Amino acid sequence: MRLEEYLKRVQVKISEWIDELQEEYITETFSKIESGKMVRSQLMFYIAKDRAEEVINLSSIIELIHLASLLHDDVIDDAETRRGKPSVFATEGSKVAIMLGDILYSKAFVELSQYEPKIIGYIAGAVTKLSIGEMVDVNLSHHFNSNRELYLQMIYNKTASLIEIACRVSAITTQQDEETFGEYGRGLGIAFQVIDDILDITQTSEQLGKPAMSDFLEGKTTLPYISLYNYLDSDGKNKLISLHKKELNSDDERWLLQKFNESRAIEEAYYFAKEESLKALKLIPEDATELRGIVDKLMQRSS
Ligand code: GRG
């Protein structure tokens with residue numbers, strides 16, 4: 001099976017599950033949601049290789065959980081756009097976005113209940129982690145956070161845990177070493193989130209399909225900001241903290257970009273992501289070219 005066919009079959013499976021709910025409004029609202037990159041499914045496909053058929057339903061469960069988390073995330077962040085289109089939160093309001101998230105998430109668990117306890121435990125555990133990660137992300141954003149370890153723990157939970165588990169369950173289903181592929185997914189997931197955080201600073205809103213430079217305004221002190229903080233002298237540190245959660249005027253924006261330039265904080269964050277992804281690559285077999293290619297693609301992406 002080719003990747004395109006696999007991803008299509010995951011989408012068809014999800015649509016069938018949505019149709020089973022027999023609620024016109026859900027089908028209609030769901031149909032307007034743009035499909036994303038399906039990174040987690042791509043990884044599951046390349047890990048399962050010629051046995052990909054066997055992980056289609058698990059992929060569909062993971063994508064539903066991911067989508068539910070995005071619906072909730074948009075409510076939490078007041079995000080008007082998602083995947084370059086108005087979010088469900090923007091078009092239908094927060095109540096619908098929360099409830100649709102709950103519906104997708106619980107339907108995923110209904111389907112998951114047919115699996116062996118180990119798989120159920122892994123996936124349910126990842127949902128707990130991503131929810132904790134989101135909560136810590138919100139709590140950390142109340143103040144300027146300069147603690148790198150807290151940030152790294154938070155992005156592991158928020159982003160890498162589900163990617164790790166997607167890889168792990170694909171390996172288990174196809175009788176391969178879950179530790180190897182789980183660790184690969186963990187490293188890749190951390191690198192993926194750091195790159196996401198860098199793109200928020202370096203890309204335009206058109207490229208991102210959402211507002212640019214929004215993390216710091218929302219209070220999120222991501223790795224480039226933590227690196228910049230460590231570089232600055234005490235006056236600079238105070239100035240940076242004073243800009244936290246503020247709408248930047250053009251002077252502030254110029255100062256921030258100049259400091260990013262001279263500190264090389266963005267390059268430092270990129271280097272960290274690169275190291276994580278290289279560690280992930282070391283774990284997988286030399287001939288796993290597609291899994292290697294995915295890492296390269298994610299490191300070079302611009303949106
Ligand atoms: C109801 C399951 C559930 C959870 C609620 C809100 C919440 C708890 C968790 C949110 C966690 C979150 C938003 C993590 C960020 C993950 C991330 C990197 C999203 C973007 O992933 P991509 O780039 O998105 O794979 P696409 O659009 O391609 O699918």
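This is a predicted model: local features need pLDDT of at least 70, side-chain atom pairs count only at pLDDT 80 or more; totals for chains, interfaces and linings use all residues.
Welcome! Lysine 239 lies over the face of tryptophan 255, and the distance to the ring centre is 5.5 Å.

- Tyrosine 105 and phenylalanine 109 form an edge-to-face aromatic pair, at 5.2 Å centre to centre and with 70 degrees between the planes.
- Helix H6 (residues 94-112) holds both tyrosine 105 and phenylalanine 109, which are 4 residues apart, or about one turn of the helix.
- Tyrosine 105 is partly exposed, with a relative accessible area of 34%, and phenylalanine 109 is partly exposed too, at 25%.

- Phenylalanine 144 lies in the loop between helix H7 (117-140) and helix H8 (148-173), while tyrosine 229 lies in helix H12 (residues 223-231), so the pair ties together parts that are 85 residues apart in sequence.
- Are phenylalanine 144 and tyrosine 229 buried or exposed? Both are buried.
- Phe144 and Tyr229 also belong to a cluster linked by ring pairs, together with Phe216, Tyr225 and Phe260.

**Charges over rings**
- Arginine 168 places its charged end over the ring of tyrosine 122, 5.4 Å from the ring's centre.
- The lysine 239 and tryptophan 255 contact from the opening belongs under this heading as well, with lysine 239 over the face of tryptophan 255.

Terms used: Residues are numbered from 1 along each chain as its sequence is written. Side-chain values use heavy atoms; hydrogens and water are left out. Rings of Phe, Tyr and Trp (its six-membered ring) pair if their centres lie within 6.5 Å; planes under 30 degrees apart count as stacked, over 60 as edge-to-face and the rest as tilted. Helices (H or I, at least four residues) and strands (E, at least two) are DSSP runs, numbered from the N terminus. Buried means under 20% relative accessible area, exposed over 50%, partly exposed in between (1.4 Å probe, protein chains only). A charge sits over a ring if NZ of Lys or CZ of Arg is within 6 Å of the ring centre and within 35 degrees of the ring normal.
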